[in-house]
Amino acid sequence: MRGSGGRVTRIGGGQFHCPYCGLQQDRVATLEHDWVLLEPGMRLPAHLVPAEQRWIELSDGRVTVYGVCPVDATQQCRIEHRLACAGQALPDLWPWLTTLRGDARLPDVG
């Protein structure tokens, strides 16, 4: 693709319907020559999304996980459809916070 100046053509990309909720999701090529199913039309401030869940769009149309912390305050990212899907259980996005909540001893407010 060197020198063409165009976007990388990806066979099989486009929109698909989620088997869990029936809504559309975008099938997008990754930098690692794989595919990821992203929530269509949603771009979030990257600092609100856990580092390993931030999909950054590249100039050629592919995406890659952007795990840099802290991120630029203006950086936007996309998320996988499974994080927004009402038909699937939400993964444990912050295991350290879940552990902290499980270990927390709340004061008796009686």
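Asp26 stands opposite Leu38 of strand S3. Helices (H or I, at least four residues) and strands (E, at least two) are DSSP runs, numbered from the N terminus. The model is predicted, so local features need pLDDT of at least 70 and side-chain atom pairs count only at pLDDT 80 or more, whereas totals for chains, interfaces and linings use all residues. Residues are numbered from 1 along each chain as its sequence is written, and side-chain values use heavy atoms, with hydrogens and water left out.

The mean pLDDT of the protein, the predictor's confidence in each residue on a scale from 0 to 100, is 81, and 78% of residues reach 70 or more. In residues 1-11 the pLDDT is below 50, and the stretch has 11 contacts in the model beyond near neighbours in sequence; contact means heavy atoms within 4.5 Å. Where pLDDT is low, the predicted coordinates should not be read in detail.

Three strands make up an open sheet in the order S1-S2-S3, with antiparallel pairing; two strands pair if DSSP finds at least two bridges between them. Strand S1 (14-17) and S3 lie at the edges with a single partner strand each, so one side of each has no neighbour in the sheet. Direction ignored, neighbouring strands of this sheet are turned by 35° against each other on average; the axes are lines fitted to C-alpha atoms, for helices over the stretch in contact, and angles run from 0 to 180 degrees between N-to-C directions.

S2 and S3 run antiparallel and are joined by 4 bridges. These two strands form a hairpin with 5 residues between them, and His33 in the turn has a positive phi of about 65°. In a regular strand the side chains alternate between the two faces of the sheet. In S3, Val36 and Leu38 form the covered face, while Trp35 and Leu37 form the uncovered one.

Thr30 lies in the loop between strand S2 (24-29) and strand S3 (35-38). Thr30 is buried, with a relative accessible area of 3%; buried means under 20%, exposed over 50%, and partly exposed in between (1.4 Å probe, protein chains only). Leaving aside neighbours within four places in sequence, the contacts of Thr30 are Trp35, Val36, Trp55, Arg62 and Val63.

Thr64 belongs to strand S6 (residues 63-65) and is also buried, with a relative accessible area of 15%. Not counting residues up to four places away in sequence, Thr64 touches Leu31, Glu32, Arg54, Trp55, Ile56 and Leu58.
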